[in-house]
Every structure is written in structure tokens, then in C-alpha cells.
Amino acid sequence: MERELRRMFEIKEAEMTVPPTLPHELRNRIGRQRMVMGGLVAAAAMALVIGGFAGARSLSSDDALPPVSADSKDSPFVDTWATTDVDGSFQTMVVRASGEGAYEIVVRDDSASVCSGAPSTMTGTGRLDSAKELVIASPVLTCDDGSDPEALSGPPLEEQLRDLTFVHDPESDTLTDNFDLVWERAGGGPTVSPFVDTWTTTDVDGRTRTMVIRASGEDAYEITVQNHLALLCSGVPSTLTGTGQPLGSKLVIPSPEITCDDGSKPNVEDDPLFLEEALRSLTFEHDPESDILTNYSPLERRRVAKDGQVIYDGLTLVWSRAETENRIGDVSGWITYGHKGGIWARDLTSPGDPGERVLPDPVPGSPIAWSRDGSELLVGGDGGLFIVNSDATATQVTDFGPDDADLSPDGATVVNVVTRGCWWELDQCGTDSEKPWSAIYMTDAKGGSPRVLLAAGSRQYPQDCGTHPCARGPFRIALEGPKWSPDGSQIAYFEGMNDWGNSLRVMNSDGTDSRVVVENAETLGGGHVEGLQWSADGNRLAFTIDDGLYVVGVDGSGFRLVANDATRPYWSPDGSHIAYTRSEEGAETLEIVRLDDLQVQNFGAGGSGPWTAELQW
Amino acid sequence: VHAREMSGPQARTSSMEELYTANAQRAGRLAYFLLSDRELAQDLVQEAFLKVFARWGNLREPQSFAAYLNRTIVNLARKAHRRRGIERRYLDKQSRLEAVAPERDYGTAEELWRQLQLLPQRQKTAIVLRFYEDLSEHQAAEAMGCSEKAVASLVQRALGTLRENARAEVS
């Protein structure tokens, strides 16, 4: 394979050529760079060569120049600065005024060659040599790992660092030191840290891993990474925690710790030092352009070699802000749904968490709606509609099923639809009792006889029905899905025409003044309409047509599609979101769409159900 | 001091020409093999020379210009790679390629080239440094900013994948 690779490279070499001599453009760029630096090199050389004289000069400059206020925020030097070395190592410098014209600097390097690659810290105090030059007479550099810093070549480090000079260029607002490093303002301060947020990355098995970074005091950050499938914990979830400090665009956690959520110890083949070593200086780098974090995770994958040796493979993880796909900030409350014979509730501030069983006993159906105070739940099943209390006691309201039934907001009245008869072979329907019949009934919740609120009429369809029986005469229409408005004054329902269109209508709760909200093939088409729900303020309606989720104003305005593959919609209490069940390849998940920007958030396995702000159960 | 400053830049400029001529083609190909995009590689090489020249006076071991350049190119390529989100797209691409069961004809350099592009960036970098640049594990480790062990492991895995795919093709 090696030979083949070499041959391939030989062949592919021909595909890439660069100009054989130093291109003009590059020469010019180098020239520009050198011009800037030429002056600085000269200044630095002065500082270095004149050496001991610098102090005296500094004093005399102070005399000549207007005094610089010691704690003046206006000094161009006082700030946090950052630079990148050619080898990619990152350095930050904090310059503070320390009184009486003196300045204090703290320079941190995340990988100092003089410390064999370990991070270093350099401190020193100095004075302004002129308004534009800050000279630090004897900076002291220490290696963070405790080793002694050592110059790789030339005079001792101490000597090389003597009279470290920073020159401020007002035009570019940068500092240049006598090693030709150009420092830019790191800006920010603790309030605009790019790190503090919830981040997610996609795990090797396609699931989401979440990391929370919090500020924990001045310049310190706390991280928590939850890993649902930790190899080090034999597959049980693990939590990594640690605190660290930012170094420019990097956040370095010197010694993070991993704990297995089941209390077991992380398994690293009886070598705890190995784990410590592998995790040391866990570094997250922020890329401002794409606003992502990356980190190299050395223990991401594990395999056993033929000789039985365990080998860990690393992987670069790319983290993006959770809000882009997992925004939780503005969703709260509880969704209740029926599952495994009980009633389950999900805390919407914790996406991904499984639901909590709030009613363990077998309940007679699935949740339909909450009473306003959140203390009672209307459920429906094959046996009828029931009102369930938080102590799991249930009162049967009707023996009608949950399909096409609703309880009035005051709990006193039930509306439901009864549809019967043969619909499709009209000319073959025999007796009157077989003729299609659909009506909305109203029943006292305490019992009593149902009375007809609205009986479906018949209609001649304008379209060509082909050979369908509808072509032979007026077609009976079916009524579907009556729902009380939140104030109980109105009832919304569908007039179903099956393949030939549907209309959404609203009538007064006494059955009068039925009017169209939206109708016909253009809008509702011939699809299957379901899941009608009023928003809490009574101004809008949501429903699904063939798994498309639509919203429309009660006055017919603003009809629009807000989500796909959605069934069983439920409004958020404040009307800003709609929860629904998403079905994909047989798996159901709970999703919530935010209506102002149609951003969708998936909450994982489960389903939608009535949404309440307060769960008093 | 003054005289030294005058002679310095000139000496540097002429050696820059030499250094460029001596290293440019190799650097360009390294960048191309890492990015598999000629235009990006051109830009990256310019950037790399600029960066190394800018710091040239402060480099501790002038004789190892090539090593500095390598390291800079590897770093810049890594950044470019990350910025472009190639890693994610590569994963998409890879799953698609696997799904359609590609022909694996190692008889042609093209196919091996294509397989190389499918390797994770670090594995690919290690392969290019070891078998195109002919760097030792030690030198490759320096260029990649990792341990020699890591380079060995990256190369092992990359070769393993390539061999496995070749075997799949044969059978």
C-alpha cells in the first residue's frame, strides 16, 4: 500500500504547480509587512541595545510629556490583548494600570516552546517610555508545569526578555513587541465570553452530546459535558466536569474529571494515570467566523488490538450552539400524554429527558385537555370521556369516545359528533337508517339525553365526480371534530367532504350563525383533516391536513402551513408555540414549533398532548 | 546597530527568494494533497510563506525552514478544513459513497486518491507527510503538533482502511 501511495503522489504531483519564483504579489505583501516592522525592529533594537539607558530615558520622557494618569482608562495599553505565534500557539496579555504611571502585565501562552510546550505565564511591571511605548524592564516567565523555562538558543532567557517593549500603533490599534509579534485587542471582558452557552455535538452513534459552559467568577469557567454512551463507563452515561480559564480564543480546562453516572469508576485498564494524562489540558477552541467550538477528544473510540492491548482513538469534536437546533429558552411547561396505560408528563425545559409518570394507575384513556387551573384533566378512551383528578379518581362524563368530542370550558356540557350510514354507495344504501347521517350532539356532562345541535345537510359538489356516487346527486356531508372555544361561546368544527374538500367552520355554541373560516380545495383540499385546537386567546385555530400542520385566524386570516409530518397539535398556553407528534418510520417523537419563525425543536421519543403551564399533580 | 539593520533585510530578502524557490513546489503539493483543492492550496501556500517569512528573523533554527513551513501549512490546512466544515460534509459524502458500494479500483492512482480524500483529515495529513513528504515519524509529529505515537497510530489506521477497501475490491 505504501508503494502505491508513493506512486499515486508522484502522479498527482503534476496536478499542482505554484509559481517557480517568489511571486510579485507575495513579494509586495512581505515588503509591506517589513516596512511596518522595520520601524519597530529599530525601536526594539534601541531598547535592547541601549539597555540600561532606557530607564533614565523613560524618566526624562515623563518629564517632557504630559503626565499619564496612572489609572486612566484612556491609556491605549490598558486592555486584554491576544496574538498567535507562527506555530499556532496562542498568547493573551492583560495590561493594567498599577498606579503612579506604572503598568502591570500578565502574559499567558498556551504552549510555550521555552517550557517544552507547557503553558507559561509571564508577569512584569513597567512604565510608558513615551505615549506609544510600554517597556517592561525585567519580565519573569514561569512554566505552569513548574519546570524551569529555558531559552532554546542564544543568550539566557532572562536577558532576551529584558526591556520587553510594546509599541502601540494608533492607526491599526495594535501593539507590536520586540519579537515582532503583533497583538490585537482581545476585547470583551467577562460579559461577552463566546464560550458561555449550551453546546451540542453529534456523537459517534448520531445522538446529541450536550455541554454547558458557565462563568464561575472572574475569568473562570465551569464546564459540564454529558455523554450518554461513555466507553470509559462501559456504556453507561458519564459526566465530565472541570473549571478552566480562557486563553484568547481557547478555553483550557487543566484537569477535568469524568464520573460514571452509575457510580462506577471510569475503566481505563487499571491505569488511572492514563486517564489523567489523556484529559490534561482539555482545550476548546472557538472559531469566531463559524461560531463553533472544537476540541480534540483523545478517548473517543476504543478498540482492542490483536495482542489484547486496548487502544483509544481520538476524534475532533465540533460543537455548535444548542440554540440553533435545540432552543429551550422560551419553552416551558408540561406536556401530558398517554403511554403504557398511564398518564405521563414531560418537563419542557429539559428536552431529551424522558417523561415522568404522573398517574401510575391504569387510566381510561389519553389526555385531551386540561381544566384551566391545571387540577383536572379530560381524558378519553374507548369507554368514553372522563375527568381525572390529580389523586387519580376519575368521573365518567360520557360514554362517547374521544374522537370528535369535547367538554365545554365550564365542564358542564359535552359536544360530540355521531356519524353513521353508508357513505360510498349511495344508490345501494337501502333503508333510511342506512342513509348517511352526521350530526353534532350536545349532552349535559352530568348525564341526560343528547340533543342535536347541528345536523349535516347535503350538498351538490361543483366538481366532476367521475363515476363516484356523488355524481348522481347531492352528497351528504360529514361533521367532524367539534371544539369549544376557550370562552365557551363558540364551537369550531369541520364540514367534511372527504376527497372533495373540507371546510373549517365556527358557530355559536347554541348552534346558530355557522360561518366558514376557511374552505374548499385550494385551502383544505381533499385531505384528511384532524386535530382541531383553539389557541388560548380564542383568536386562532390549529389543525392538520394529511400531516401538514396549519394555523388560521378565526376570521379566516393568515392561513398557513407551519410544520410537516405533524399530527395531534396542541397550543402552548401563551399561544406562541404548537406541540405535535412527529411520526417517522413508525417512531413517534414530540416536536414543538415556534410560530414566529417556524423554528422546530425535537424533544425525543414521546408524543404530544395537552400543554399546561403549571402541573399541580 | 544601524549598519546591522541595513544589511539584515537585504540578506533576508535574497535568502527568501532562495527559500521560496527551494520549497514552493513541494509546499504547494503538500497543501494540495491536504485540501484537494488547487485554488485553496495556492492561497494557503502564499499565506504560509508570508507567515514564516514574517517570523523568519526570530526562528530559533533557521536551518529548519522546511519544518516550520510544513507545520504552518498543516496548521493552516487544518483551520481551512475546519472552517469549511469539510469534516461534516465528508461524513455525509462518505455515508453516501458507502451506500452506493463504489467500485474500488486500486489499479488507478485516481481511485487511491479518491479513497485518500475520504480519510479523516488527521489520518490523511499523516499519510501525506509520511509518504509524500517522506518525513520521519518524529518530523511528521512535529509538523502535526502531536506525539510520534499518535502519528504512527494515524498512519496505521489510515493504511488499514485503505487496505481493507482494497481487499473489498479484490473479493
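Asp513(A) is partly exposed, with a relative accessible area of 49%. This value comes from a predicted model. Exposed would require over 50%, so Asp513(A), at 49%, is classed as partly exposed. The residue sits in the loop that joins β34 (502-508) to β35 (515-519) of chain A. Although Asp513(A) is not a glycine, its phi is positive, about 55°.

Asp163(A) also lies in a loop, between α4 (157-161) and β7 (164-169) of chain A. Its phi is positive, about 55°, and Asp163(A) is not a glycine. The relative accessible area of Asp163(A) is 9%. Because buried means under 20%, Asp163(A) counts as buried.

Strand β2 (residues 90-99) of chain A pairs with strand β3 (residues 102-109) of chain A in the antiparallel sense, over 8 bridges. Within this pairing, Met93(A) has Val107(A) in β3(A) as its bridge partner. The two strands make a hairpin with 2 residues between them. Glu100(A) lies in that turn and has a positive phi of about 50°.

β3(A) also pairs with strand β4 (residues 120-130) of chain A, in the antiparallel sense and over 8 bridges. Here Ala102(A) stands opposite Arg127(A) in β4(A). Strands of a sheet pair through backbone hydrogen bonds, in either a parallel or an antiparallel way.

## A four-stranded open sheet in chain A

Another part of chain A holds an open sheet of 4 strands in the order β21-β20-β19-β44, with antiparallel pairing. Its edge strands are β21 (356-359) and β44 (611-612) of chain A, each of which pairs on one side only.

Strand β20 (residues 342-347) of chain A is joined to β21(A) by 3 bridges in the antiparallel sense. Ile343(A) stands opposite Leu359(A) in β21(A).

## Helix α6 of chain B

Helix α6 of chain B covers residues 121-132, which is 12 residues. From its first C-alpha to its last it reaches 15 Å, close to the 16 Å expected at 1.5 Å a residue. The helix is largely enclosed by the rest of the structure, because 10 of the 12 residues of α6(B) are buried.

Among the buried residues of α6(B) are Ile127(B), Val128(B), Leu129(B), Phe131(B) and Tyr132(B). Gln121(B), Gln123(B) and Lys124(B) are buried as well. In an α-helix there are 3.6 residues a turn, so residues three or four places apart point the same way. After α6(B) comes Asp134(B), which has a positive phi near 55°.

Definitions and conventions: Residues are numbered from 1 along each chain as its sequence is written. Chains are lettered from A and ligands numbered from 1 in the order in which they are written. This is a predicted model: local features need pLDDT of at least 70, side-chain atom pairs count only at pLDDT 80 or more; totals for chains, interfaces and linings use all residues. Side-chain values use heavy atoms; hydrogens and water are left out. Buried means under 20% relative accessible area, exposed over 50%, partly exposed in between (1.4 Å probe, protein chains only). The expected span of a helix is 1.5 Å times one less than its number of residues. Two strands pair if DSSP finds at least two bridges between them.
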